[in-house]
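Please look through the sequence and the structure below.

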Amino acid sequence: MSRSPNVLFLLTGSIACFKACAAISRLVQAGVTVQTVATPNALRFVGAATLEGLTGRPVFSELWQPGRALDHIELARAADLALVCPATANTVNRLAAGLADDPVGALFLAWELDRKPWWIAPAMNHRMWQHPATTAALTRLRGWGVQVLDPIDGPHACGENGAGRLIEPEQIVAQVLAALASP
Ligand SMILES: Cc1cc2nc3c(=O)[nH]c(=O)nc-3n(C[C@H](O)[C@H](O)[C@H](O)COP(=O)(O)O)c2cc1C
């Protein structure tokens, strides 16, 4: 790749957004162009100024934002890899339903799934992770070619323990850089 690789980094409303910020920072330091996208609920956990400060680019968070009317198509066209991180149970289920009424869902439907990787890194309570709605949605997404960076076992912010913790930022960054380096 002659230009710097371009990653679309989509954040959704999880407590693990702070870990996503660490991954974004490391990707930028590694020379990756990172364009962030955030749901309104993600912006309750991390500010737009933080995402712009980390990447040097304004976050895309609103389909109807003046001047950004075609971003849901153009950002999908420009990126080499998309990563939803952290991916909430809500967004996993919304993507599997093909809903496109927010930037994350619209970009997913505009993405060339057969040509470019779309990854999701879920983060949620272990009961949400094991819920049949979530497992069915993940099976559907995997069937469409989406790669899932499986969460790990461990303590949750709610005080419970189990599978559902977002994988660590170093692992996310290592996997993204390896994918970008492969032909
Ligand atoms: C403090 C707090 C932490 C949350 N953490 C998570 C989480 O880690 N995973 C998850 O699936 N939902 C979590 N939620 C619930 C989501 O924010 C909620 O389902 C929201 O509708 C997700 O919206 P989005 O997917 O559009 O960003 C949390 C909610 C609160 C208030």
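A polar side-chain atom of Thr39 lies 2.7 Å from an oxygen atom of the ligand, a polar contact being a pair of N or O atoms within 3.5 Å. The protein buries 64% of the 640 Å² that the ligand exposes when taken alone, with accessible areas coming from the Shrake-Rupley method and a 1.4 Å probe. This is a predicted model, in which local features need pLDDT of at least 70 and side-chain atom pairs count only at pLDDT 80 or more, while totals for chains, interfaces and linings use all residues. Residues are numbered from 1 along each chain as its sequence is written, and side-chain values use heavy atoms, with hydrogens and water left out.

The backbone also takes part: an N or O backbone atom of Gly13 lies 2.6 Å from an oxygen atom of the ligand, and a polar backbone atom of Ile15 is 3.4 Å from a nitrogen atom of the ligand. The shell around the ligand holds six nonpolar residues, eight polar ones and no charged ones, where Gly counts among the polar residues, and Asp, Glu, Lys and Arg are the charged ones. Helix α4, residues 89-96, gives the most to this shell, with three residues.

Phe18, which has its place in helix α1, residues 17-29, is exposed because its relative accessible area is 59%, exposed meaning over 50%.

Conventions:
A polar contact is a pair of N or O atoms within 3.5 Å; within protein, one must be able to donate a hydrogen and the other to accept it, and residues adjacent in sequence count only if both atoms are side-chain atoms. Helices (H or I, at least four residues) and strands (E, at least two) are DSSP runs, numbered from the N terminus. Buried means under 20% relative accessible area, exposed over 50%, partly exposed in between (1.4 Å probe, protein chains only).
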